[in-house]
Amino acid sequence: MEDYGELVRNWGYYGPGQTIGDLHVQRGQYMGGFVAGIMTLHSWLPKAPGHIGNASTFPFPVRYLVVEGADQMRVHAGDETLLPALIKTAKQLERDGCRMIASTCGYFGHFQKQVADAVDAPVYLSAVVQIPWIRVALKKNQKIGIICGESAGLDDALFDSCGVSKEDRARCVAVGGETKPVFRSLKYKPGHYNYQALKAEIRELADQLVRENPDLGAILFECTDLPPFAADIQARTNLPVYDSATMIRFLGATLCQKPYYGFI
Amino acid sequence: MSDIVRNWGYVGPETELGEMAITEGQYMAGFPVGIMTLDAWLPKPPGYTSQACSYDFPVRYLLVQGADQKRIHGGDDNLLPALIATAKQLERDGCRMISSTCGYFGNFQAEVADAVDVPVYLSAVCQVPWIRVGLKSNQKIGILCGDGPSLKYRLFESCGISREDFDRCVIYGAQDAPIFSTFIHKPGHYDVEGVKGELVSIAKKMVREHPDIGAFLLECTDMPPHASDIQRAVNLPVFDSVTMIKYVKSVVCQHPYYGYF
């Protein structure tokens, strides 16, 4: 990759009454105004509003870059030969002015540690990084129920890379999409799916979590295909529902602080 | 025959999504506008066409390989393959219209519009017929552009503008203003307040020398941050690339209306 030199940050909010004077931008930054840079899986599932791959999901601008070679098989398995392409993409998003780096698949969490270490911008590749934050709010005996794309990919290596301790991991119970025909097909048959059928399957998985774990205190969607169903699952279970959209919006608030106005 | 799958319907509270399909190779969604980007790293305060915060909807940028200011201003035809490839990629990414970060992309308007299925508006100059129709027959359109000598009839022709409408335009360039002139040769930084002063002063000169100007058009995508200052100074309609993109977005993303009877 060409050496473009130092990154220049312009993180201040530009609002009424402010005057901009001399402005600098880094060499090779051709655009501005993006809060989140989202590393994108090589997968063309339809993306309804709420999907992490749909720009209208967010209240601020996001930029997507496809990671060369990052198909579902390799990302789910945490294939380390993807690392150079991941780091290159993260650096490009940073160069484009993105203030944080996220991704369109929770299994990018396998690479959380290495990517966070390679760029200056904060990196949150997987909804799984929220676990310590979810756990701290729960009673000691309560569990975190995870709905994920594929149980096999949700392994020790992923939790470890995402900074989740063994103790916290023991508080998690997971159900995966591999047992459900439509959810499972997302991995193998891109291009289309039936939205209502997938919703019905996610309801079944949430019901199973609640049935098998009466001490469930919160639900976490690992999978970035699921935020469109978060409100429905919340209405059904009356539990906090964390997902990659809640994570990215929360980080957006910390990276784009605005002044407050009002009455005193 | 294009294999692009369109999902243009608005998803709202009453929408029941069922079977869904997507274009092969579409890895993202939700972008009404795709913007072909010039190879120029000027600082981009809000209001820039290449500033994602200038819009109240998502936009996607893709850099056109080799599209530096000299080649775009000059309308270098060798850029066409890269321009068309970029426009097609933006279309595949789900964008509903294609625009650009430099008004001189208008040199390629006709060819790019012909190469993709979605509507293409590469230059603010495309707005000329629409501006003219609103004016009195003796009024002029004041065009403030980045590079006066490069803004030739060829670009207007590519943007579908008749010779008659072209003759209604009064063109002034900012290429000799001390700070603005550094845009092409010294990227990386500039003094925003200084440029604002230069543009406002050119606009005032334009109405002084041509009191029959009925509307302003800012060709240059670096100018919309200063459009409200220009309007304050001349009290005329000010059209620019951001007004154009917002307008076209509204026609490719129709929302249902709700309210009281």
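In this predicted model, Ala21(B) in β1(B) is the bridge partner of His192(A). Strand β7 of chain A, residues 192-194, runs antiparallel to β1(B). Three bridges join the two strands.

Strand β3(B), residues 59-63, pairs with β2(B) in the parallel sense. Five bridges hold that pairing. Within it, Leu62(B) of β3(B) stands opposite Met36(B). β2(B) also runs parallel to strand β4 of chain B, residues 97-100, and four bridges join them. Here Val33(B) stands opposite Met97(B) in β4(B).

How enclosed is strand β2 of chain B? Five of its five residues, 33-37, are buried, so the strand is largely enclosed by the rest of the structure. A residue counts as buried when 20 or more other C-beta atoms lie within 10 Å of its own. In a regular strand, side chains alternate between the two faces of the sheet. In β2(B), Val33(B), Ile35(B) and Thr37(B) point one way. Gly34(B) and Met36(B) point the other way. All of these residues are buried.

Back in chain A, four strands form an open sheet with parallel pairing. Their order is β6-β5-β8-β9. Which strands lie at the edges? They are β6 (172-176) and β9 (241-242) of chain A, each pairing on one side only. β9(A) pairs with β8(A), residues 216-221, in the parallel sense over two bridges. Ile219(A) has Val241(A) of β9(A) as its bridge partner.

Two packed helices are described by the angle between their axes and the distance between the axes. For α8 (195-212) and α9 (230-237) of chain A, the angle is about 40 degrees and the axes are 10 Å apart. The crossing of α8(A) past α9(A) is right-handed. From α8(A), the contact uses Lys199(A), Ile202(A), Arg203(A), Ala206(A) and Val210(A). From α9(A) come Asp232(A), Ile233(A), Arg236(A) and Thr237(A). By class, this contact has four nonpolar, one polar and four charged residues.

Technical notes: Residues numbered from 1 in each chain as written. Chains lettered and ligands numbered in written order. Predicted model: local features only at pLDDT ≥ 70, side-chain atom pairs only at ≥ 80, totals over all residues. Axes fitted to C-alpha atoms, helices over the stretch in contact; angles between N-to-C directions. Left-handed = near helix turned anticlockwise from the far one by under 90°. Contact = placed C-beta atoms within 7 Å. Nonpolar A, V, L, I, M, F, W, Y, C, P; charged D, E, K, R; others polar. Pairing = 2+ DSSP bridges. Buried ≥ 20, exposed ≤ 12 C-beta atoms within 10 Å, placed from the backbone.
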